[in-house]
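Thanks for coming. I will take one structure and go through its salt bridges and one of its helices. Here it is.

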Amino acid sequence: MSESMIANIRRQLEQEAEALRCLKEPAFSTARHDFINAKMQRFDALREALIPLVGEEQATGTVY
């Protein structure tokens with residue numbers, strides 16, 4: 001697996017994490033549950049794709 005693929009997954013994870021953080025803002029507190037759920041599922045899928053490449057600890061540390 002190339003560094004660029006790992007970097008790409010990490011970048012996508014950061015974008016999804018930021019989108020989820022934004023949904024906590026008062027203006028977005030009425031966001032539809034299915035939209036939030038889809039974002040969370042996408043985030044989880046990206047994290048799961050990263051784990052075999054860098055290990056669970058690093059994959060978790062990428063966004064937390």
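E16 forms a salt bridge with K39, and their closest N and O atoms are 3.6 Å apart. By salt bridge I mean a side-chain nitrogen of Lys or Arg within 4 Å of a carboxyl oxygen of Asp or Glu. E16 lies in helix α1 and K39 in helix α2, so the pair ties together parts that are 23 residues apart in sequence. Helices here are DSSP runs of H or I with at least four residues, strands are runs of E with at least two, and both are numbered from the N terminus.

A word on the source: this is a predicted model, where local features need pLDDT of at least 70, side-chain atom pairs count only at pLDDT 80 or more, and totals for chains, interfaces and linings use all residues. Residues are numbered from 1 along each chain as its sequence is written, and side-chain values use heavy atoms, with hydrogens and water left out.

Are the two partners buried or exposed? E16 is buried, at 12% relative accessibility, while K39 is partly exposed at 21%. Buried means under 20% relative accessible area, exposed means over 50%, and partly exposed is in between, using a 1.4 Å probe and protein chains only. Leaving aside neighbours within four places in sequence, E16 is in contact with K39, R42, F43 and L46; contact means heavy atoms within 4.5 Å.

Now to helix α2. This helix covers residues 33-54, 22 residues in total, and reaches 31 Å from its first C-alpha to its last. That is close to the 32 Å expected at 1.5 Å a residue, where the expected span is 1.5 Å times one less than the number of residues. Which residues of α2 are buried? They are F43, L46, R47, L50, I51 and V54. Seen down the axis of α2, they fall within an arc of 155 degrees, so they line one face of the helix. The arc is taken from the directions from the helix axis to the C-beta atoms. These buried residues pack against α1 (3-22) and α3 (56-61). On the other side of α2, H33 and P52 are exposed. Just after the helix, G55 takes a positive phi of about 95 degrees.

One of the buried residues, R47, has a relative accessible area of 14%. R47 forms a salt bridge with E48 at 3.5 Å, N to O, and another with E56 at 3.4 Å. Salt bridges that share partners join R47, E48 and E56 into one network.
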